[in-house]
Amino acid sequence: MAGATVVEKGTANGVITDFDGEFEINVREGATLEVSYVGYAPITVQSNEAYITVQMKPDVSALNEVVIIGYGESKQRDLTGSVAAVDLDDINGQPSSNIGDAIQGRAAGVTVTTSGQPGNNPTFRIRGTGTIGNNDPLIVVDGMPLNGGLNQLNMKDVESFQVLKDASATAIYGARGSNGVIIISTKRGKKGKGSLDLDIFTSFQQATNVIDVLNAQQFATLSNEMLVNGGFTPNPAFSSPSLLGEGTDWLDAFFTTGRQSNVTLSYAQGSEKSNIFTSLNVFDQEGIIINSEYRRYILQFNSDTQINEYIKFGNSLKLNYDIKNNGDNNIQNAILSLPTQPIYRGNGNFSGPIGQPIYAGDIENPIGKSNTVENSIKGYNLQGNVYAEIGLLKHFKFKTLLGVEANFWDTRTWSPSYSWDSDIAPNAFLAEASNKSLTLVWDNTFTFNKEFDNGSSITAVIGTDAQENQYKFISGSVQGFPSESTQTLNNGLLQPTINGSGSEWSIFSYFARGQFDYKNKYYLTATIRRDGSSRFGDGNKYGTFPSASLAWRVSEETFLQESKLVDDLKLRVGYGVTGNQNIGNYSFASAYNTNLYNFNGVFVTAAVPTVLPNSNVKWESQKQFNLGLDATLFNHFLEVTIDGYIKNTEDMLVPQTVPATSGYSDIYVPFINAGKIRNQGVELAVTSYNINKDNFKWSTDLVFAYNKNEVIDINSDVPLTTGSIGLNYTLGRIQSGQPINVFYGFVHDGIFQTQEQVNNHAVQVPGNDPATSTSPGDIRFRDLNSDGVINDDDRTFIGNPNPKFTYALNNSFKIGNFDVSVFFQGVYGNDIFNANRLYTENMSVTTNQSTAVLNRWSGPGTSNSIPRAVFGDPNNNNRQSTRYIEDGSYLRLKNVNIAYNLPMEKFKNGFFDSVKVYVSGQNLFTITEYSGFDPEVGPNGIDNNIYPITRTFTLGATLGF
């Protein structure tokens, strides 16, 4: 074994074995040698002889690690399905408000989209987008489905994080498993001395790649040109643009350096009979936009008690209180505000537009709105369960779990009256709402586990799962306050409103799973679950979801046992069906609105049906095939996991076409089971242990995932529109034969340089007046059907928001007492519709623009990409087109973490058991061609006023007592 480390115990005297596994070392007489090699258990030997043969054994501890798989657990080596376990040691130095942000790029096939906005939860996609409805995976925390966000969870409390990806792994969750399952377990006490740990960090955040906008002089020049080209008189105040100077930098005043701090104090203790774990977390974050913040308090308490040999009980409890405060944080308005307008007037009041809108615009002062408008959400959350385990006979165990999740959140919006020049709000406005969601869970399982003398073993579980949810809300609003110091609903006088509603759903399920293992060589797992849901009508309430998977540990066969290349090799194959019940409540029933009608001067109340009922609505089902390989190679130098899958969504719910003659709404329509979507892809996870010496270790983790998405059927030749951003813009389509949410629009084909080019091209906007028709300097759109007219028939598919593949690379180093990790994460092959440019490059209304318009067309040959400036946009240059499609690929240095572990052996009588200090940088740089704030914009690929990702620098410490 070349590269094994041999060290004389208690000294720094050591050598490395050569290519033949031989070594020579001079030691004291009777010394003890410590021998280590990556992937093998370390061993100590006595140096009593001059020639020593050392035989090492593979370290199978990683393979023997326990993985939570839903209503049970399994060893990593025994898995037959596709399960990704995230190594939490790799993310401890990341200053994230929730663990979802931190695992981005850590698991193959799991796409995580985050936001820089304080308190926002990430969006998960596991193996692509599988439905036009809800694509969120099921998140299970300590055995209970989590209905609230991951913000309810303190990242430092998490013990394990697993992602069940294929149907053979998720089918145990039946109707809730079609989008994948994330299983999180929080920490519990361990046997031994009690430990008190304090983890603290503070961070500073900055906006990155802030868009450059025009200064006052540049804007005045643009305004004059735009108005003249539109047939209007320029603003007299801009007669000499060069005298205006730089003007107001709204973005500099709008963005700030955000600070966040986190303190977690935890205590864990365990004995033969019981254990406890408790923690208190306080997290405080200021956003990079003025007056945006998030504050959170979490109390965690877990315990387990073994009463006797047969009975055990315990609990998991999480209490959470959080506050989100934001002003009217409109990034787009901060970009578009005129640099010729000051933030404040001389009297100290916020400014507003003065003069005609054609000259002064109508953008509300973004600094004033952020400082005066209050938007807050206060959340009170509880998730807890108690369980009992009873040993029945020798191989049977019964477990019952009763849990509750209670989410209460109050929202409040307050906007005072103000008078900022021509921008006047004469009445203050107050809106408040109270929301309540209560979920009850009761699970019961019987587990049988037995190992037989012939080397086989069986683990079987059968059980029931009952869940019920009730949701209610009430809201009210009012305007006009005699005293704006008393901001309560009963103090308002004008336009009072009241609203309220409620809903409920329940699900009851039976499930069973059997796992068979023969001599650690052949594995079989079979699962079946039957769910009944209140969300479906009679005759369709129940669905059955089976799965099966096989695994063959090829390395246990005789022909591979002597291999010097293969240490462990397992092949997996699985197939299963899962469902999706996240379709909303009451889809099978009629919906009515109440209205008042005037009959002969008398108002009467009527209940009017609005949605045509569909009593045949049923589960969306997903059928998935998975083929996988797990291997450890080259004396545990390399660990490889490869998965290939085909995931077909069938009976997908799509809107039904309802004729107006039916008497029902053709806007609010029922859903029918008629759509199909296919995702297919390949996932790769590789870990290499490059160097493994006492004072220097280096390992590398590579994650890669390819996914191809295609809509197979939507029950009609008429495509569905999606991606609405207002102003009659619907940017995406769902159409058979195309990826989901594909962009649709016109093709930008350069700029008309001369009138002759305009005359020789298909007609766009007819006429001879440059102020009202297509003229030189306007965008030329491609005549795709060659009919000589540019209209909606010339639209086509212009971009795909779904990436071709995602990837990540992490390098971890241990250098003496230093731990260093460098983590890169990236996305390739997706398109972004940069909707911000519809506003920042339109040059057709009175708003500020980005500096990109400095390269606008101003005469023949001046530009072939940015059109002329013309008020009113007569050619509709700003229609949805390839002009706004950009490459969303990026490579990001996601995290760099440097930690130093104090050598506690030098402080034997010290106060601390362990001390680690660390510094971290997050989102340090991004390599991308994208021109916006950040290319991480969400699954639909539309960037429209999104709160950008931040660059973060952190200093922290972990103290053990």
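Analyst: Asp-136 is partly exposed, at a relative accessible area of 40%, where buried means under 20%, exposed over 50% and partly exposed in between, with a 1.4 Å probe and protein chains only. This is a predicted model, in which local features need pLDDT of at least 70 and side-chain atom pairs count only at pLDDT 80 or more, while totals for chains, interfaces and linings use all residues. Residues are numbered from 1 along each chain as its sequence is written, and side-chain values use heavy atoms, with hydrogens and water left out.

User: Which residue does Asp-136 meet in a salt bridge?

Analyst: The partner is Arg-125, at 3.5 Å from N to O; a salt bridge here is a side-chain nitrogen of Lys or Arg within 4 Å of a carboxyl oxygen of Asp or Glu. Arg-125 is buried, with a relative accessible area of 15%.

User: And Asp-934, buried or exposed?

Analyst: Asp-934 is buried, at 6% relative accessible area, and its salt bridge with Arg-892 has the closest N and O atoms 2.3 Å apart. Arg-892 counts as buried too, at 0% relative accessibility.

User: Which residues are linked in a network of salt bridges?

Analyst: The network links Arg-259, Asp-284, Glu-286, Glu-293 and Arg-295. Within the pair formed by Arg-295 and Asp-284, the closest N and O atoms are 3.7 Å apart.

User: Changing topic, how many of the 961 residues are buried, as a percentage?

Analyst: Buried residues make up 50% of the protein chain.
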